[in-house]
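Hi,

Here is the structure I promised to pass on. Have a look at it first, and my notes follow below.

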Amino acid sequence: MDLENTKAQMRKGILEYCILSVLSKNSCYASDIIKELKEAKVIVVEGTLYPLLTRQKNAGLLSYRWEESQQGPPRKYYELTTEGKEYLADLDNSWEELVESVNLIRTR
Amino acid sequence: MKITVSINLGGYSFDIDEDAYSELKRYLKNLDLHFAGEESSSEILSDIEARMAEILRTKLTGYKQVITIADVTEVISIMGNPEDISDNEGPTRKEKFSKPGAHRMYRDPDKRIIGGVCSGMGAYWDIEPWIIRVIFFALAMGGGLGILIYLILYVVLPEAKTTAQKIEMKGDPVNIHNIKDSVKKEFDTVRKNMKL
């Protein structure tokens, strides 16, 4: 068993959920999402975010719009679609269940 | 003294040292190969390029105007190696068989007049696009064959969207760095054969 690998697998599992949660508060562009995920220490290398964002967008959970920026080229702002919100609500439930299950086992 | 190259990364323009450019090019090409099997891989690539450009931007000041190899190494460590980024296990098939320094034909959106087919062919063979345009025009006049070929090529050839694709379109430019690399490789093979 490799501890680092196990940790990485755990993070990977919840990253998708975290991205949707960040976007549920307000629409952001990728660097805002990165900042939040880094502060929460759920992401190590930034590159991980981009394939996930594109996949979620292709699955219809996210949509994006281009917004002008004062500092450079236009930025892509992502937001949750109605489908994405439902998907997130579902994940919220299963997250609570998971936490409960783990707690139950640990404290028994 | 060092030679610098001027590049467009994610909509920003940078002056970058030649060694740093080679490293960046290698990294983007690896990423491109890594995501090759993925749906909308070019979108992922251009998002990553945009982020890298944003980070590199912060490395420049009034006194420091050129991107160095240290900046590129740092930005690569922030973004992560392809194998750390993707959740696919192991290298994809394409990665195993694709040679570095691949040379592919694309449509070139930067120099296009209609759809970028002629400019793309020009970039691929390193000839002036107008020569190809004249040939197409002549073929189009003589019975319309040129139009048909143009349409087919327009559909078949992908557009070069990312920096890595644009580099691939032109093939490896001949520069000091390439020559040094190939000389070193040659030397290593000789040394191995002689068992020194």
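In chain B, three strands make an open sheet, ordered β1-β2-β3, with mixed pairing. Strands here are DSSP E runs of at least two residues and helices are H or I runs of at least four, numbered from the N terminus; two strands pair if DSSP finds at least two bridges between them. β1 (4-9) and β3 (66-67) of chain B are the edge strands with a single partner each, so one side of each has no neighbour in the sheet. β1(B) pairs with β2 (residues 12-17) of chain B in the antiparallel sense over six bridges, and I7(B) has F14(B) in β2(B) as its bridge partner.

A word on the source: this is a predicted model, where local features need pLDDT of at least 70 and side-chain atom pairs count only at pLDDT 80 or more, while totals for chains, interfaces and linings use all residues. Residues are numbered from 1 along each chain as its sequence is written, and chains are lettered from A and ligands numbered from 1 in the order in which they are written.

Now for helix α3 (residues 69-79) of chain B: its buried residues are D71(B), V72(B), V75(B), I76(B) and M79(B). Seen down the axis of α3(B), they fall within an arc of 130° (taken from the directions from the helix axis to the C-beta atoms), so they line one face. Buried means 20 or more other C-beta atoms within 10 Å of a residue's own, exposed 12 or fewer, and partly exposed in between, with C-beta atoms placed from the backbone. The face turned away from the buried side carries the exposed A70(B) and S77(B). After α3(B) comes G80(B), with a positive phi near 95°.

Cheers
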